[in-house]
Amino acid sequence: MIRIGQSIDIHQLVEGRKLILGGVEIDHEKGLKGHSDADVLLHAIAESIIGALGLGDIGKHFPDTDPQYKGISSMILLEHVFRLMDHEGYKIGNIDSIILAEAPKMAPHINAMRENIARVLHTDISNINVKATRGEKMGFVGRKEGIMSQAVCLLLGKDQ
């Protein structure tokens, strides 16, 4: 069986937080506000997988009211999502994702992000795509108020 999921995640940029995207800490004057490490890329990917499985959304599995998730690495959350996917009998076909951020430049970090995601999801790096674009000084992304990420995943039954 084949299943498709998609998701969007948005977090506000604030001072006093580390900027973590795709499990990579990126040097920047601001980081993303959130209950966990606020990794919008991993949140979008995790929720696209949860959606493809028909298991709700990321908030259902990792509520921001639960203190056990305070400051947690989104890599740990993605590991949990992998176990859900594996238990349901699926594997990654491919993931296509995009980060929308005016700054900093993402290109130097994309391969490390792809490696992190592929490792946690037990798939080949060729099945993971991460792109980035700017807001061209328009909207909240362009004004450097936040970062958004989108992801689409294709899940395959383990027999495929």
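User: How many helices and strands are in the chain?
Analyst: In this predicted model, the chain holds five helices and seven strands.

User: Switching to overall shape, what is the radius of gyration, and what would a compact globule have?
Analyst: The chain has a radius of gyration of 15 Å, which agrees with a compact globule, because a globule of that kind with 160 residues would have a value near 15 Å. Along the principal axes, the C-alpha trace spans about 45 × 35 × 25 Å.

User: What percentage of the residues count as buried?
Analyst: Of the 160 residues in the chain, 50% count as buried. As for the surface, the chain exposes about 8,000 Å², and carbon and sulfur atoms supply 51% of that area.

User: Which residues make a nonpolar surface patch?
Analyst: Ile2, Ile4 and Val152 make a nonpolar surface patch of about 300 Å².

User: Where is Val152 placed?
Analyst: Val152 lies in strand β7, which covers residues 146-157.

User: Why does Val152 count as partly exposed?
Analyst: Val152 has a relative accessibility of 42%, and therefore counts as partly exposed, since that class takes in values between the 20% limit for buried and the 50% limit for exposed.

Definitions and conventions:
Residues are numbered from 1 along each chain as its sequence is written. This is a predicted model: local features need pLDDT of at least 70, side-chain atom pairs count only at pLDDT 80 or more; totals for chains, interfaces and linings use all residues. Side-chain values use heavy atoms; hydrogens and water are left out. Patches are made of residues with over 30% relative accessible area and no salt bridge: like charges are joined within 9 Å, nonpolar side chains (Val, Leu, Ile, Met, Phe, Trp, Tyr) within 5 Å. Accessible areas come from the Shrake-Rupley method with a 1.4 Å probe; for residues, only the protein chains shown count as cover. A salt bridge is a side-chain nitrogen of Lys or Arg within 4 Å of a carboxyl oxygen of Asp or Glu. Helices (H or I, at least four residues) and strands (E, at least two) are DSSP runs, numbered from the N terminus. Buried means under 20% relative accessible area, exposed over 50%, partly exposed in between (1.4 Å probe, protein chains only). The radius of gyration is taken over C-alpha atoms; the globule rule is 2.2 Å times the number of residues to the power 0.38.
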